[in-house]
Amino acid sequence: MDEYESQFATINPQQPLKLLTDWVQEAKDLGIAEPDAMNLATVDRAGNPHNRMVLMRHINDREIGFFTNLESNKASEIFATQRTSSTLWWPQLGRQVRIEGTAIEMPRDMVEEYYQSRPRNSQLSAWASKQSTELVSMERLHQEFRKYEAKFSNKKVPTPIFWGGFTILVDKIEYWYGKPFRLHERIILSKEENNWSKTRIYP
Ligand SMILES: Cc1cc2nc3c(=O)[nH]c(=O)nc-3n(C[C@H](O)[C@H](O)[C@H](O)COP(=O)(O)O)c2cc1C
């Protein structure tokens with residue numbers, strides 16, 4: 001391979017999330033574990049950052065999305081400040097993607113569709129978990145799980161009102177491609193007004 005060859009020669013900045021979609025698909029096709037796992041950094045009202053992993057379960061040409069408990073710490077932080085930053089990394093492919101954007105609560109029809117597609121036990125564990133609040137013992141968690149198992153036995157498990165998702169309207173995305181000798185390749189696509197620009201930066 002020509003060492004000067006760019007991995008990003010065909011990137012169209014007006015389709016900023018296209019390559020992310022392709023890379024996630026490639027990771028899926030290769031059977032890589034959790035191909036859509038990303039870290040999600042949020043900021044609380046006092047300006048403190050917090051981050052954790054979530055699964056990126058929605059993507060289109062302008063936004064990404066994930067599902068969670070709407071009473072969790074991450075949800076409170078998003079409701080307070082809206083800004084998020086995420087990173088995906090596929091070590092087997094030597095690729096990283098960083099995404100910045102503004103999060104808003106996901107429309108309920110998208111939440112319903114996703115929740116109802118989940119395995120029944122995952123649906124029940126969403127009911128059982130008061131995410132981010134104190135839990136006295138693991139026994140209590142299992143009791144809660146069994147409580148909802150009994151409550152909804154032989155019934156469709158309804159989507160809890162406290163469970164939902166967020167879409168992140170992306171305004172900056174960086175693609176990173178690992179190369180020998182740390183001569184990696186980085187491209188930043190950023191939104192200015194309604195136009196996207198493309199900038200190459202040093203690794
Ligand atoms: C690989 C991975 C994927 C995860 N995906 C999700 C997810 O999609 N949604 C979610 O609410 N928590 C997910 N979690 C758990 C979160 O990392 C976190 O523990 C939880 O959401 C509570 O975060 P919070 O207290 O900051 O709100 C995942 C954890 C791991 C390790």
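Reply: Start with the buried side of H4. Gln123, Leu124, Ala126, Trp127 and Ala128 are the buried residues of this helix. Keep in mind that the model is predicted. The cover over these buried residues includes helix H3 (108-117), H5 and S7. There is a simple rule for reading such a list. An α-helix has 3.6 residues a turn, so residues three or four places apart point the same way.

Tryptophan 127 lies in H4, which runs over residues 120-128. Its relative accessible area is 16%. The cut-off for buried is under 20%, so tryptophan 127 counts as buried.

Which residue pairs its ring with that of tryptophan 127? A search of the whole structure finds 15 aromatic pairs. In one of them, the partner of tryptophan 127 is phenylalanine 152. The ring centres are 5.2 Å apart. The planes meet at 50°, so this pair is classed as tilted. Phenylalanine 152 sits in the loop between H5 and strand S7 (163-177). The two residues are 25 apart in sequence, so the pair ties together separate parts of the chain. Phenylalanine 152 is buried too, at 8% relative accessibility.

Rings also meet elsewhere. Phe8, Trp23, Trp90, Tyr175 and Tyr177 are linked into a cluster by ring pairs.

Back to the end of H4. Ala128 is one of the buried residues of the helix. Glutamate 144 touches Ala128, and it touches Lys130 as well, leaving aside residues up to four places away in sequence. Glutamate 144 belongs to helix H5, residues 138-151. Is glutamate 144 buried or exposed? It is buried, because its relative accessible area is 14% and the limit is under 20%.

Next comes the loop between H4 and H5. Threonine 133 is found there. Its relative accessibility is 49%, so it counts as partly exposed. The backbone oxygen of lysine 130 lies 2.7 Å from a polar side-chain atom of threonine 133. Methionine 53 is 80 residues from threonine 133 along the chain, and their C-alpha atoms are separated by 18 Å.

Now turn to the ligand. The residues around the ligand include Gln131 and Ser132. Met53 is also among them, along with Arg52, Val54 and Leu55.

S2 gives the most, with four.

A backbone N or O atom of leucine 55 lies 3.0 Å from an oxygen atom of the ligand. For phenylalanine 67, a backbone N or O atom is 2.9 Å from a ligand nitrogen atom. Lysine 74 uses its side chain: a polar atom there lies 2.6 Å from an oxygen atom of the ligand. On its own, the ligand has 620 Å² of accessible area, and the protein covers 63% of that.

Histidine 184 is found between S7 and strand S8 (185-192). Its relative accessibility is 19%, so histidine 184 counts as buried. Leaving aside residues up to four places away in sequence, histidine 184 touches Trp176, Tyr177, Gly178, Lys179 and Pro203. Tyr177 is also part of the ring cluster. The backbone nitrogen of lysine 179 lies 2.9 Å from a polar side-chain atom of histidine 184. Proline 203 is 19 residues along the chain from histidine 184, yet their C-alpha atoms are separated by 5.5 Å.

Finally, step back to the whole protein. There are five helices and nine strands. Along the sequence they follow the pattern α-β-β-β-β-α-β-β-α-α-α-β-β-β. The C-alpha trace spans about 60 × 40 × 30 Å along its principal axes. Of the 203 residues, 42% are buried. Among contacts with a separation of 6 or more, 64% join residues 24 or more positions apart. The protein exposes about 12100 Å², and carbon and sulfur atoms supply 51% of that area.

Key. Residues numbered from 1 in each chain as written. Predicted model: local features only at pLDDT ≥ 70, side-chain atom pairs only at ≥ 80, totals over all residues. Heavy atoms only, no water. Buried < 20%, exposed > 50% of the residue type's maximum accessible area, 1.4 Å probe, protein only. Contact = heavy atoms within 4.5 Å. Near = heavy atom within 4 Å. Polar contact = N/O pair within 3.5 Å; in protein donor to acceptor, adjacent residues only side chain to side chain. Areas by Shrake-Rupley, 256 points an atom, 1.4 Å probe, with all protein chains shown as cover. Phe/Tyr/Trp six-rings, centres within 6.5 Å; stacked < 30°, edge-to-face > 60°.
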